[in-house]
Amino acid sequence: RVCSEAFRKILNQHPSGELAEVLQSVYTLFVLNCIELDLGTFLSLEILTPAQGRDIAECTRKVIDEKFPPGRLLEIAQGGLGLPKELVMKFSPIASDWVGFNKNDNKGELVDFPTTLSSKL
């Protein structure tokens, strides 16, 4: 509840624009995740119906697919946070192409990752 209230306060400070859109999407994912993690409680207290409970995961996937397509997280990290692409790619290669990153089971290893950044860090 505390995190949600703080997030709403930030959203109220940025009511429109690209930042507001990204923040709203992140907030929506945060709330959906909170509900999903405590879904048993919501169902047992009959706050949500079983049908609504089944829809939570689908809603989460829909928000991710619509608001954060492949490459979008990289754009946000670069534009919104001002991080250089090389830095984002070093620590999160999945941010630019999660479909490509997950084509094969790479067991979490960075395969064929450019080494040019290591000399800059």
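## Terms and model

A residue is called buried here when its relative accessible area is under 20%, exposed when it is over 50%, and partly exposed in between (1.4 Å probe, protein chains only). The structure is a predicted model, in which local features need pLDDT of at least 70 and side-chain atom pairs count only at pLDDT 80 or more, while totals for chains, interfaces and linings use all residues. Residues are numbered from 1 along each chain as its sequence is written, and side-chain values use heavy atoms, with hydrogens and water left out.

## The overall picture

Let's start with the fold. The protein has seven helices and zero strands, which gives the pattern α-α-α-α-α-α-α along the sequence. Both kinds of element are DSSP runs numbered from the N terminus: helices are H or I with at least four residues, and strands are E with at least two.

Of the 121 residues in the protein, 23% are buried. The exposed surface comes to about 8,800 Å², with carbon and sulfur atoms supplying 58% of it; these areas come from the Shrake-Rupley method with a 1.4 Å probe, and for residues only the protein chains shown count as cover.

The expected span of a helix is 1.5 Å times one less than its number of residues.

Which residues of helix 1 are buried? They are S4, F7 and L11. These residues cover an arc of only 65° around the axis, so they sit on the same side of helix 1; the arc is that of the directions from the helix axis to the C-beta atoms. On the other side of helix 1, V2, K9 and N12 are exposed. Helix 2 is included in what covers the buried residues of helix 1.

Leaving aside neighbours within four places in sequence, L11 is in contact with A20, L23, Q24 and Y27. From L11 to Y27 is 16 residues in sequence and 8.8 Å in space, C-alpha to C-alpha.

## One aromatic pair

A search of the whole structure finds one aromatic pair. F7 and Y27 form this pair, which is tilted, with 5.3 Å centre to centre and 50° between the planes. For the rings of Phe, Tyr and Trp (its six-membered ring), a pair needs centres within 6.5 Å; planes under 30 degrees apart count as stacked, over 60 as edge-to-face and the rest as tilted.

Because F7 lies in helix 1 (residues 2-13) and Y27 in helix 2 (residues 18-37), the pair ties together parts that are 20 residues apart in sequence. Both F7 and Y27 are buried.

The 20 residues of helix 2 should span 28 Å at 1.5 Å a residue, and the 29 Å between its end C-alpha atoms agrees. Its buried residues are A20, V22, L23, S25, Y27, L29, L32 and I35. Take S25 as one of them: its relative accessible area is 6%, so S25 is buried. Not counting residues up to four places away in sequence, S25 touches V63, K67 and F68.

The largest nonpolar core has ten residues in all: V22, L29, L32, I35, L39, L48, I56, V63, F68 and I76. Helix 2 and helix 4 each supply at least two residues of this core, and the largest share, four residues, comes from helix 2. A nonpolar core is a set of buried Ala, Val, Leu, Ile, Met, Phe, Trp, Tyr and Cys residues joined through side-chain atoms within 4.5 Å. In soluble globular proteins, nonpolar side chains tend to be buried together.

## Two loop residues

E46 lies in the loop between helix 3 (39-44) and helix 4. E46 has a positive phi of about 55° although it is not a glycine, and with 71% relative accessibility it counts as exposed.

P69 is in the loop between helix 4 (50-67) and helix 5 (72-80). Its relative accessibility is 34%, so P69 counts as partly exposed. P69 and V99 are 30 residues apart in sequence and 9.8 Å apart in space, C-alpha to C-alpha.

Notes: Contact means heavy atoms within 4.5 Å.
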